Amino acid sequence: MTSLLSRIDHHASTGSSSWHRASALGKLAIAAGIIGIAITSPSLILLAVVHGMAWVLVATSRLPARVAVLAAAYPLPFLGLFLISRWDGTAGTPLVLLLRPLTASLVAAWLVGTTPYPDLFAPLSRLLPRQTGDGLFLTYRALFALLSRSERLSQAMRLRGGFSGSLRRRLALAGEGMGTLAVHSFDRSQNLYAAMLLRGHSGRICGCRHFAHRSPADLLSLAVAVVVTASAILLWRAA
């Protein structure tokens, strides 16, 4: 998981596709529109169309195919039991329930894979309360370090026999491991805040306006927005 998120984040910072040059504001609007249609559309045809558009977005972003497939397939393990419980004997219902999360995860992978995280959180910080926006920014920033730390801790426990023995012993060791991670998280957050104060933190982050800079690549966002809107109008009630 850490490797997958790291590769998506690295692609967002180093990619050179047209989507990487487009403004984050336009891409956020496209992602919100497609995910909104995927969640609320009563038409399977429209859902299939926006799902195909999600694949086109991913393909044109030059996100590695393996990374895109892994990111898109992430909801599948959680979706299997839900599909079985809601199956009504038709093919349409499982397809709708399958395409909705797959479309959303593909669009999210495209958005995160083409937008550096400061540009991604900057517009959100203007809509949300300051503490919430800054908290989301710092949480995402610290997520990779915490996941890496948890993987190293898990590997150390495995090498030292932490996953052997009775269930009670393994649960006790797992609890100690979670406690160690919690203490490490608090310690790291204090160090990070102290470093920010030393570097002149004024109580406001995510203050950049690069997310709204326009470029010729925004014409691509406009074209996709027109296609998404036209598809929703024409196919909303299509059987």
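Tutor: Let us start with the term itself: a residue is buried when its relative accessible area is under 20%, exposed when over 50%, and partly exposed in between, using a 1.4 Å probe and protein chains only. What you see is a predicted model, in which local features need pLDDT of at least 70 and side-chain atom pairs count only at pLDDT 80 or more, while totals for chains, interfaces and linings use all residues. Residues are numbered from 1 along each chain as its sequence is written, and side-chain values use heavy atoms, with hydrogens and water left out.

Student: Is S221 buried or exposed?

Tutor: S221 has a relative accessible area of 5%, so it is buried. It lies in helix α11, helices being DSSP runs of H or I with at least four residues, numbered from the N terminus. Taking contact as heavy atoms within 4.5 Å, and leaving aside neighbours within four places in sequence, S221 is in contact with W19, A22, K27 and I30.

Student: Which residues touch the most other members of the largest nonpolar core?

Tutor: In soluble globular proteins, nonpolar side chains tend to be buried together. A nonpolar core is here a set of buried Ala, Val, Leu, Ile, Met, Phe, Trp, Tyr and Cys residues joined through side-chain atoms within 4.5 Å. The largest one has 39 residues, of which W19, I30, I34, L57, W110 and V224 touch the most other members. Helices that each supply at least two residues of this core include α1 (2-14), α7 (92-114) and α11 (218-235).

Student: How should I read the aromatic pair of W19 and W110?

Tutor: A pair of aromatic rings is described by the distance of the centres and the angle of the planes. Rings of Phe, Tyr and Trp (its six-membered ring) pair if their centres lie within 6.5 Å, and planes under 30 degrees apart count as stacked, over 60 as edge-to-face and the rest as tilted. This rule gives one aromatic pair: W19 and W110 are edge-to-face, with 5.1 Å centre to centre and 90° between the planes. The pair links distant parts of the chain, W19 in helix α2 (residues 18-21) and W110 in helix α7, 91 residues apart. W19 counts as buried because its relative accessibility is 2%, and W110 does so at 0%.

Student: Where does R62 lie, and what is its phi?

Tutor: R62 lies in the loop between α4 and α5, and its phi is near 65°, a positive value in a residue other than glycine. At 55% relative accessibility, R62 counts as exposed.
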